[in-house]
Amino acid sequence: MKKVLFFAVAMVAMVMASCSKGGDNTPRAVAEKSVECLKNKNYEGYVDLMLIDDKGKGAEEVKSTKQMYVGMMKSKYEDKVKKEGEMKSYSFISEDVKDSTATVKMLLNMEQKNDTMIVSLKKDKDGKWKVKQKK
């Protein structure tokens, strides 16, 4: 019983760590974390990896903006899952870094087909790579 409990706790810790803010600060690592968050339907974790403009905004406004993005990501990804099935796995294809911006191409292996995802990133004011919002 102790082994099962230990295994379950270890698995939860690994999933939480994969979507946390810590870890490698490279475009590839952040892109992989963002895709892992989508795969696990951890939309809050995905939004935590996003570059969100908080200049001149209070804590409540930033929180509200993040919740809006969580809702948008959930809706968008769940529409994709309805069309293509759940994500089985993903893999890195390529990375293009230029100064403070980067583009990472990922291959998503969905149940019904493979799909390419382009993750655009930019360094924030602290030098951390963040996922850029698509406009």
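Student: Where does Asn109 sit?
Tutor: Asn109 is in strand β2. The model is a predicted one, so take the values as computed from it.

Student: Is Asn109 buried or exposed?
Tutor: Asn109 has a relative accessible area of 15%. That is under the 20% cut-off, so Asn109 counts as buried.

Student: What does the side chain of Asn109 make a polar contact with?
Tutor: With the side chain of Ser89, at 2.8 Å.

Student: And which residues does Asn109 touch, not counting those up to four places away in sequence?
Tutor: Glu86, Met87, Lys88, Ser89, Tyr90 and Asn114.

Student: Step back a bit. How many helices and strands are in the chain?
Tutor: Four helices and four strands. From the N terminus the order is α-α-α-α-β-β-β-β.

Student: How are the strands arranged in the sheet?
Tutor: The four strands make an open sheet in the order β1-β2-β3-β4, with antiparallel pairing. At the edges are β1 (87-98) and β4 (129-131), each of which pairs on one side only. From one strand to the next, the twist averages 30°.

Student: How many bridges pair β2 with β3?
Tutor: Nine, in the antiparallel sense, between β2 (residues 101-110) and β3 (residues 114-123). Val104, for example, has Val119 in β3 as its bridge partner.

Student: Which helices pack on the sheet?
Tutor: Helix α2 (residues 27-39) does, touching β1, β2, β3 and β4. The direction of α2 makes about 155° with that of β1. Helix α4 also packs on the sheet, where it touches β1, β2 and β3. For α4, the angle to the direction of β2 is about 40°.

Student: Pick something in α4. Is Thr65 buried or exposed?
Tutor: Thr65 lies in α4, which covers residues 59-84. Its relative accessibility is 15%, so Thr65 counts as buried. Beyond its neighbours within four places in sequence, Thr65 is in contact with Ile52 and Lys57.

Student: Back to the sheet. What is Ile93 in contact with, leaving aside neighbours within four places in sequence?
Tutor: Lys105, Met106, Leu107 and Thr116. Ile93 itself is in strand β1. Leu107 is 14 residues away from Ile93 in sequence, and their C-alpha atoms are 6.5 Å apart.

Student: What about Lys41, where is that?
Tutor: In the loop between α2 and α3 (43-48). Lys41 also has a positive phi, about 55°, without being a glycine. At 35% relative accessibility, Lys41 is partly exposed.

Student: Last one, the whole chain. What share of the residues is buried?
Tutor: Buried residues are 31% of the 135 in the chain. The chain exposes about 8,900 Å², with 54% of that supplied by carbon and sulfur atoms. Of the contacts between residues at least 6 apart in sequence, 47% join residues at least 24 apart.

How values were computed:
Residues are numbered from 1 along each chain as its sequence is written. This is a predicted model: local features need pLDDT of at least 70, side-chain atom pairs count only at pLDDT 80 or more; totals for chains, interfaces and linings use all residues. Side-chain values use heavy atoms; hydrogens and water are left out. Helices (H or I, at least four residues) and strands (E, at least two) are DSSP runs, numbered from the N terminus. Buried means under 20% relative accessible area, exposed over 50%, partly exposed in between (1.4 Å probe, protein chains only). Contact means heavy atoms within 4.5 Å. Accessible areas come from the Shrake-Rupley method with a 1.4 Å probe; for residues, only the protein chains shown count as cover. Two strands pair if DSSP finds at least two bridges between them. Axes are lines fitted to C-alpha atoms, for helices over the stretch in contact, and angles run from 0 to 180 degrees between N-to-C directions. A polar contact is a pair of N or O atoms within 3.5 Å; within protein, one must be able to donate a hydrogen and the other to accept it, and residues adjacent in sequence count only if both atoms are side-chain atoms.
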